[in-house]
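Open your viewer and get your selection tool ready. We will walk through the model stop by stop.

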Amino acid sequence: MLENIIYFSPLGALLIGILSLWSANYGEYEIYKCFRRGRVFLYISMALGIIFYNKPLLPEITAAAGVLTMFRLMLYAGALAVLFLPRSWFSAMGISGLRYCIFVLFAVFIGSLMITSTNLVLTIVCAFIMMVENFCLLCFDRNKNEMQPIDIIYLATVVVLAVFSSAALLEIAQISPTMSYGSIRQALVANIVQPEVYAAVIVLLIDFVFLSGLAPMHFWLAEGTAKSGLPVLSYLILVPAGMCLACLTRINSEILADVPEYFTLFYKLTALISITIGAIGACSSHNVRKIFTYTTVLQMGIVLLILQKFTIEAYAAACVYSIIYLLPMYGLCSAMFGLKVRGEYLFKLTDFAGVAMKKPFMALMIMLYLFSLIGFPFTLGFIGMFSVLQELMGEPMNYTALYLLLMLLLLSYGFWQLISAMYTANNKIVFDKTDIGIYMMTALGILLSGLMLSDIDYWYFQMTELWKTAAL
Amino acid sequence: MADLLLLILSVPLLGCLFVALSPKNKDNAFNVTMFVLMSVEALLLRAGALIGDGGFNYMLENWSSLHLFFTFKADTSSIVLQIAIYAALLIGVFCLDAEQKKNKEVLASALLFGWFMSGLLWADDILTFYVFFSSVMLPLFLLMNIYWQKRYNSSPILFFIFHFGCSLLLLFALAIIFYYNQGNVSFADIKSINLPANVRTTVLVCVVISLISRIPIWPFHYWIAAVNVGMRHSLVYVMTNLLPLTGLYGIMRLYSLSLFSGMHALEPVLEVVGLITILLVAFIGLAQRDFMQMLFSYTTVYYLLFLLGVVMLKVKYQQNIEYALFSFVIVNSALAVLYLWSENFCVEHKCDNRGILAYVPRFAKIFIFFVLIACGLPVSAMFWNDFILVSALFRESFIIGVGVMSAIIAVSMALIYELYIMQDLTIRNMKPQKVEDLNDKQVLFFIGLIVVMCLSFFNPLWFIF
């Protein structure tokens, strides 16, 4: 009992943080203090998570391993970033940041449960809670009466998915009553040929496709974030990615490991559609936030393309690639918080005219991050992209790699437009002063990228070792 | 020697960082740039004197588990070309006006460009080659965005989408080679990789397309025309016209190392297309009235001459091509810089360029000399080595020899006609007035260049090596 309480402490710290922030609602509070409080509880939870990394909360339904701790650390890092960056945004907009902080802490709580879960019901329930939370975040900075069509479509999709997922879980419960990953894995070997079981697994995979914003279920990510504020955009780009990657990777390695041939096509198709839509969406958009969200769709598609191999090396490569693409996305989010004119944050391409002249450091950082995302040489992204190409070179004349490069070229068009706009002269525009913390956070991304690049061997090696030794 | 190579690779990069961080609107950036360029030239001359026949290697191996390493190999030919490139950059930087000298973005980009070119010329494995080949367009892209003249239709974005797309083909080929070799491979070892026939063809086609795309051969000729017309900044023009050298050098490496046996299937195509392009561009240039468009024709004709020389004559005349390139790069850069100087002069004095040579005697002498060198005046390595190349082309194929010779004559006539216009005072009624000519430093600089060109009649810098 005492052990359970101790091993619950990482999640407990998050709960206490949520309650503490909730209680602040009833008194006077400063926005900065709320964010600081949220970060403090995140640090405590993270530290406790590292200390008890190999101690599962409830061994029957959760697991603990080095690789899971790594996923949780990605989640914590994203959450810390989205609790640091938008403080000034909330002050400038005059919106309470309290709910946002609570949402982020709650997301980390649910995400940690989802990552460590070994019970499919728990995983799916957590996924749906995340979907509802995403909806709340998409709406939180708008008027309650102001429901956009996209919100209605999102809710309808969640309801439909909930119905189908319930049916899918019931179907799987028939072949594996305990619903643990291990038992489902064994049951699938004999039962996957049944169309109902196969369809049930596909439906559950679609839940994660929807949650991570992969195409063709990406509509909410692109359209919803275009209308939402920067903090929501940052959250949706940085936080759910790690969670979804963790869940998909675990499902691959612990449930579908013995029947990969049935799902390779699903993964490949979803990945290729995501890559295509991500590239086309990014290059045809004039809203910079949409460009970034479509880029996220494309990058998640690339991760899925790696995962379709169902090998330990593929899982390790997917994890490293996720970190490689999340670092520049984090840097871009930081830079976006540093660029505003008369209190308005920039979002259209034309708004960025003259940034390079007035804020050369920001422009340079944005450019480096964008180059990293398209795998330009001398960036961390090049190593990631090259490793992906090597993974795809499984057969002679593998056209998937060529297709990926073509889509990268399309994506680069969207990025070049932004860079071109930044380096276009515009002497009339006057940018607001940028907080020194934003500069530091933006530069931190480059520093971390440089550190990772200097010893990328270590990352690939360690990631592979983590997966090999994971007793999952 | 490896330390010297590392030093030569490091200096431009450090200089670029220094310039980028220097205060705005001061002379620091310009002074540092000049110092770096001259230092690199001196170091290259020293390296050339020490190099001997074998060259020297340097390997950077930090990512061994991913089978990634970077190998650099310097030899005489790469050092000669680098000297020419840095000389061209020196010409471009030296002739900037007072306001342009304070623009540190341009200067930092020039140093970065020089660094990328050094890495490219010294790359001894396919990964290193790709990395520098792809990166070299980055400084150009930045500068084009700043200096692109909006009245022209072409866009810098399309320019880079085109080049980035072609470099991605090279990345694809690189990934295939990596897969079959289980890691990076130096150029010399590529032949030993066992590639299936269809894979080998795919790799070859991808590599050739990516390299050829940098050279102004049809259908890839449009970008350089658009850029030459759209850019009126001398240093940016110099850098843009060095870009085809990256493709040409890649083709030369392919042939010198006999990397792919299937090249003979592509050669007739390259020869025919090259010949047609060279003739078309030359005669279009003859009809132009803008000197920069004539210069574009001249640049295209000579790059295609060198390409035909590589493809048809193989390794035998490679040294002649390199020596001719040495002079060509310097002459081309000098002509562009000088003409843009005169264009600014005309804008300042609100006149056209007819007869202006009478008003600026120093400029006139230097400009005339460079135009005559460009046309084939026998005072430089360009004349002698071009003579050998064209003779060899005649021997290989009479038709191609005739075509090339016609093109050279056409572009030379175009340049000489422009020279005639610039010295023609028959319709100008104004008396020569006292106007600002090239200053003493600029005159000494160009005289120095002329001396180097004259001393390099057979081999560039024979007095050093």
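Here is a short tour with something to select at each stop.

**Before you start.** This is a predicted model, in which local features need pLDDT of at least 70, side-chain atom pairs count only at pLDDT 80 or more, and totals for chains, interfaces and linings use all residues. Residues are numbered from 1 along each chain as its sequence is written, chains are lettered from A and ligands numbered from 1 in the order in which they are written, and side-chain values use heavy atoms, with hydrogens and water left out.

The predictor gives the complex an ipTM of 0.86 and a pTM of 0.89.

**Stop 1: chain A, residues 360–373.** This is helix α17. Helices here are DSSP runs of H or I with at least four residues, numbered from the N terminus. The end C-alpha atoms of α17(A) are 20 Å apart, in agreement with the 20 Å that its 14 residues should span at 1.5 Å a residue; the expected span is 1.5 Å times one less than the number of residues.

Among the buried ones are A:M362, A:Y369 and A:F371. Now step just past the helix to A:G375, which takes a positive phi of about 75°.

**Stop 2: chain B, residues 2–21.** Helix α1 of chain B has 20 residues and reaches 29 Å from its first C-alpha to its last, close to the expected 28 Å. Where does α1(B) bend? Select B:S10: the bend there is about 25°, and a proline, B:P12, follows within four residues. The bend is the angle between axes fitted to the seven residues ending at a residue and the seven starting there. B:P12 is also one of the buried residues of α1(B), which include B:L9 and B:V11.

**Stop 3: B:N344.** You will find B:N344 in helix α14 (residues 318–349) of chain B. B:N344 counts as partly exposed because its relative accessibility is 40%.

Conventions: Helix = DSSP H or I, 4+ residues; strand = E, 2+ residues; numbered from the N terminus. Buried < 20%, exposed > 50% of the residue type's maximum accessible area, 1.4 Å probe, protein only.
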